[in-house]
Amino acid sequence: MSSYLEAFAKWFKLKIYQLEVTMSVYIFTPIEKFIFYSVLFLLVSLTFIATFLYLPHHVQFIARRAWFYMHGDAQDSILDVVHNAVTVTKSALLGSEKTVEALGRAADATMGIVREL
């Protein structure tokens, strides 16, 4: 266990050294180093938080878009649901001829609107 911890500490120190040499942080004064590392920490933490907050929603959006491109719109299933709802409503309200005719016209109008969507 301690060998893993020591290896990680050695790796981490190496990465800090590489950062200081690459970005010339080793020539900064202590206050400049503090400001540099504070800004670096702020940027890394904000990126990390944004990734966890927004990436799942973005991946879900892209997956839905890919599903739409591969399989098309589910308009036929929407039409079936509306048609079934209108049929059930017609059968439930079979009281008079005028009601049935009005429901038939409403059903045709609804189907037309749904087809246009």
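In this predicted model, the axes of helix H1 (residues 2-22) and helix H2 (residues 30-71) come within 13 Å and cross at roughly 110°. Because angles of 65 to 115 degrees count as roughly perpendicular, H1 and H2 are therefore described as roughly perpendicular to each other. The crossing of the two helices, H1 and H2, is right-handed.

**Contact between H1 and H2**
- On the H1 side, the contact is made by Ile16, Leu19 and Glu20, which meet Lys33, Phe36, Tyr37 and Leu40 of H2.
- Sorted by class, the residues in this contact of H1 with H2 comprise five nonpolar and two charged ones, with no polar residue.
- An α-helix has 3.6 residues a turn, so residues three or four places apart point the same way.

**Helix H1**
- H1 contains 21 residues and spans 30 Å from its first C-alpha to its last, close to the 30 Å expected at 1.5 Å a residue.

**Helix H2**
- H2 contains 42 residues, and the distance from its first C-alpha to its last is 59 Å, close to the 62 Å expected at 1.5 Å a residue.
- Within H2, a kink of about 40° is located at Tyr54, shortly before the proline Pro56.
- Gly72 follows H2 and has a positive phi, near 85°.

Conventions:
Residues are numbered from 1 along each chain as its sequence is written. This is a predicted model: local features need pLDDT of at least 70, side-chain atom pairs count only at pLDDT 80 or more; totals for chains, interfaces and linings use all residues. Side-chain values use heavy atoms; hydrogens and water are left out. Axes are lines fitted to C-alpha atoms, for helices over the stretch in contact, and angles run from 0 to 180 degrees between N-to-C directions. Helices (H or I, at least four residues) and strands (E, at least two) are DSSP runs, numbered from the N terminus. Angles under 35 degrees count as roughly parallel, over 145 as roughly antiparallel, 65 to 115 as roughly perpendicular and the rest as oblique. A crossing is left-handed if the near helix is turned anticlockwise from the far one by less than a right angle, and right-handed if clockwise. Contact means heavy atoms within 4.5 Å. Ala, Val, Leu, Ile, Met, Phe, Trp, Tyr, Cys and Pro count as nonpolar, Asp, Glu, Lys and Arg as charged, and the others, Gly among them, as polar. The expected span of a helix is 1.5 Å times one less than its number of residues. The bend at a residue is the angle between axes fitted to the seven residues ending there and the seven starting there.
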